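The following note comments on a protein structure for a reader who is new to such models. Please keep the sequence and the structure in view while reading the numbered points.

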Amino acid sequence: MGRDPPGPAEDEAPGAAAAGGAAGREGGGGGEEGEGRARGGAEAGGCYLALCARPVHFEKANAVNCVFFDEANKQVFAVRSGGATGVVVKGLEDRNPISFRMEDKGEVKCIKFSLGNKILAVQRTLKSVDFLNFIPDSPQLEYTQECKTKNANILGFCWTSSTEIVFITDQGIEFYQVLPEKRSLKLLKNQSINVNWYMYCPESSVILLSTTVLGNVLQPFYFKSGTMAKLSKFEIELPAAPKSSKLSLSERDIAMATIYGQLYVLYLRHHSRTSNSTGAEVVLYHLPREGSCKKTHILKLNRTGKFALNVVDNLVVVHHQDTETSVIFDIKLKGEFDGSTTIHQFVLPPRSIQPYQIPAAGPASVTSQAPVPCKLYSSSWIVFQPDIIISASEGYLWSLQVKLEPVVNLLLDKGKLMDFLLQRKECKMVILSVCSQMLSEPERGSLSVIATVFDKLNHEYKKYLEAEQSYTMVVETGLSRSNPLLKRPVRTQAVIDQSDMYTHVLSVFTEKKEAPHKFTIAVLMEYIRSLNQFQIAVQHYLYELVIKTLVQHNLFYMLHQFLQYHVLSDSKPLACLLLSLESIYPPAHQLSLDMLKRLSTANDEIVEVLLSKHQVLAALRFIRGIGGHDSISARKFLDAAKQAEDEMLFYTIFRFFEQRNQRLRGNPSFTPGEHCEEHVTFFKQVFGEHALMKPTTF
């Protein structure tokens with residue numbers, strides 16, 4: 001399983017995949033046999049890595065078809081007969097493959113499109129690169145650029161933009177601007193330096209050159225819009241002092257990748273520098289734009305053999321060919337810190353990539369036969385950063401993916417599990433599912449574990465709220481105009497807010513009624529405690545859930561205490577809910593009135609809310625409690641009473657307003673201005689005219 005183009009000697013035809021000409025970098029040279037060849041990991045289930053469901057399928061490498069991969073555009077080139085019988089270009093994101101022919105001018109060493117696929121560059125010799133415009137209405141004539149340095153050989157080239165290209169030679173680098181309309185190139189900058197091999201990280205536009213006799217001094221260059229910056233060079237610590245002065249650091253043992261927004265150089269060291277440690281390790285060097293490169297992390301593999309590296313969703317994935325398993329490392333999780341570097345063990349036990357079926361080839365009518373299992377961890381696999389795996393012999397390109405669901409059963413420490421999940425892109429539904437699981441049998445967690453999980457979630461939630469608040473403040477004060485780079489904070493899936501928890505976890509949990517009510521209330525209060533701890537305003541619907549749960553279990557004394565000691569914060573919806581509870585718990589009426597007085601809210605709104613919930617009597621009692629019953633609209637209350645379809649309720653409300661009329665005007669009848677004629681008619685129909693109140697005279 002390599003990152004080098006497999007040579008003809010392996011089970012490949014000649015001309016197998018090359019990394020766009022630059023080496024495909026094998027994941028580690030020979031070591032001893034892998035410790036314990038048991039394949040328990042593969043059979044034990046719980047595969048947390050998978051090949052993507054929709055791979056790129058291309059013509060497999062053979063004597064006439066050469067396959068190349070371009071790491072910047074993530075495209076596979078299948079070049080038949082030097083291009084004379086066709087070139088087909090496919091990418092994971094490309095809906096339509098690009099097909100064209102070009103003159104066979106010799107063996108193709110490297111072939112790549114510029115960013116945006118407007119200009120094609122092809123290297124056929126060690127001295128020059130040919131160019132071909134793919135611009136509409138532009139003549140398809142090739143133009144050539146020879147390298148400027150005398151006696152230098154071109155090792156390869158990298159496009160850094162749609163019109164800028166870097167030639168890497170064994171004597172340095174040459175940075176050019178391509179002028180497609182003039183069909184020529186302009187040298188922007190060059191730098192002389194002895195180069196053994198090079199590596200390019202398109203995400204960060206950094207080229208890394210291996211220099212010196214041993215090859216372990218690495219010189220990075222950064223490219224941006226026509227400029228080339230030389231970053232600090234650094235030395236890779238080799239496992240032991242080399243016995244001879246020959247190239248000791250192989251390109252196959254180095255990778256470059258962006259992890260958590262920072263650029264790292266990953267070095268696969270087959271033998272640890274410390275004699276008491278067995279097995280290989282991956283050493284991470286942090287490469288900043290400014291300042292020196294430092295060794296920051298060591299990932300312990302605890303085994304030897306052939307390895308290959310990928311980076312997926314900010315996780316370092318290490319594949320081990322001998323045992324046909326992979327492990328993952330997360331540098332954000334705590335490790336052992338020795339004062340300068342953090343040592344990490346793998347997060348999960350080794351597992352194989354999920355078994356993959358290759359559909360049987362041929363027309364649909366013929367493909368009734370079963371799909372063929374794909375040979376995982378094959379020696380013909382070639383691995384590219386960050387997440388690409390290519391099988392040139394089978395003609396497939398996959399992106400590697402992390403599956404989060406199996407992780408839940410492999411990482412039993414819920415705190416560590418949350419730390420891990422919160423850093424993943426597609427984490428929301430898995431996190432909510434974990435929260436539901438820890439509240440239910442058979443996996444019910446202790447309150448301390450539940451509290452830890454809630455705190456971790458609300459820590460992320462608070463970070464987002466604060467970032468959003470700062471952004472809003474800057475925009476409102478007009479400071480954003482002076483800072484054009486200011487961007488609204490991105491809401492990642494790690495932001496689990498109160499509505500998410502309420503909808504997917506807490507309301508479902510309380511409805512199930514599986515748990516003892518004391519545990520249910522403790523969980524709800526624990527979540528509210530956590531929100532308060534992070535100074536996040538608690539939404540009223542969470543308090544409502546607490547009150548409803550208390551009422552269901554007749555825990556009115558607890559409800560009274562929660563309100564009395566302001567454990568449940570005052571709000572209008574809460575006050576309305578309390579008013580509606582008066583029939584089953586009479587003190588609720590006074591508790592709600594006290595709350596509303598504290599809130600000094602608009603009384604009309606409260607009446608509207610109660611009427612909309614058909615709490616007509618509660619609304620009337622409330623309005624009487626605050627002394628506003630002489631001025632309220634009789635029609636509004638009679639409408640609500642009629643909609644409730646409760647005749648006795650209607651009678652009670654109608655009689656109340658008759659008595660009010662008598663008291664205020666000396667006559668129980670409604671005036672025309674009150675528009676209650678239809679209600680008077682309805683009252684007569686149901687109860688008879690004799691039931692109308694008679695005027696009282698004194």
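1. Thr212 is found in the loop between β16 (206–211) and β17 (217–224). Strands here are DSSP runs of E with at least two residues, helices are runs of H or I with at least four, and both are numbered from the N terminus. The phi of Thr212 is near 70°, a positive value in a residue other than glycine. Thr212 is partly exposed, with a relative accessible area of 38%. Buried stands for under 20% relative accessible area, exposed for over 50%, and partly exposed for the range in between (1.4 Å probe, protein chains only).

2. Tyr260 also deserves attention. Its place is the loop between β20 (254–259) and β21 (262–269), and its phi is positive, about 50°, although Tyr260 is not a glycine. Tyr260 is buried, with a relative accessible area of 18%. As background, most residues other than glycine have a negative phi, and most peptide bonds are trans.

3. The peptide bond from Gln385 to Pro386 is cis, with omega near -5°. Pro386 belongs to the loop between β31 (381–384) and β32 (388–391).

4. A note on the basis of these values: this is a predicted model, in which local features need pLDDT of at least 70 and side-chain atom pairs count only at pLDDT 80 or more, while totals for chains, interfaces and linings use all residues. Residues are numbered from 1 along each chain as its sequence is written, and side-chain values use heavy atoms, with hydrogens and water left out.

5. The protein contains 16 helices and 33 strands. Of its 698 residues, 52% are buried. Among contacts (heavy atoms within 4.5 Å) with a separation of 6 or more, 56% join residues 24 or more positions apart.

6. How many aromatic pairs does a search of the whole structure find? The search finds 28. Rings of Phe, Tyr and Trp (its six-membered ring) pair if their centres lie within 6.5 Å; planes under 30 degrees apart count as stacked, over 60 as edge-to-face and the rest as tilted. The rings of Phe113 and Phe134 have centres 5.1 Å apart and planes at 85°, so this pair is edge-to-face. Because Phe113 lies in strand β7 (residues 110–113) and Phe134 in the loop between β9 (128–133) and β10 (143–146), the pair ties together parts that are 21 residues apart in sequence. Both Phe113 and Phe134 are buried.

7. Tyr356 and Trp398 form an edge-to-face pair, 5.5 Å centre to centre with 80° between the planes. Tyr356 is in the loop between β28 (342–344) and β29 (357–358) and Trp398 is in strand β33 (residues 396–402), so the pair ties together parts 42 residues apart in sequence. Tyr356 and Trp398 are both buried.

8. Two charges sit over rings (NZ of Lys or CZ of Arg within 6 Å of the ring centre and within 35 degrees of the ring normal). Lys112 lies over the face of Phe157, at 5.4 Å from the ring centre. The charged end of Arg424 sits over the ring of Phe420, 4.8 Å from its centre.

9. On confidence, the mean pLDDT (the predictor's confidence in each residue, from 0 to 100) is 84, and 89% of the residues reach 70 or more. Confidence is lowest in helix α1 (residues 40–43), at a mean of 38, and highest in strand β25 (residues 315–320), at 95.
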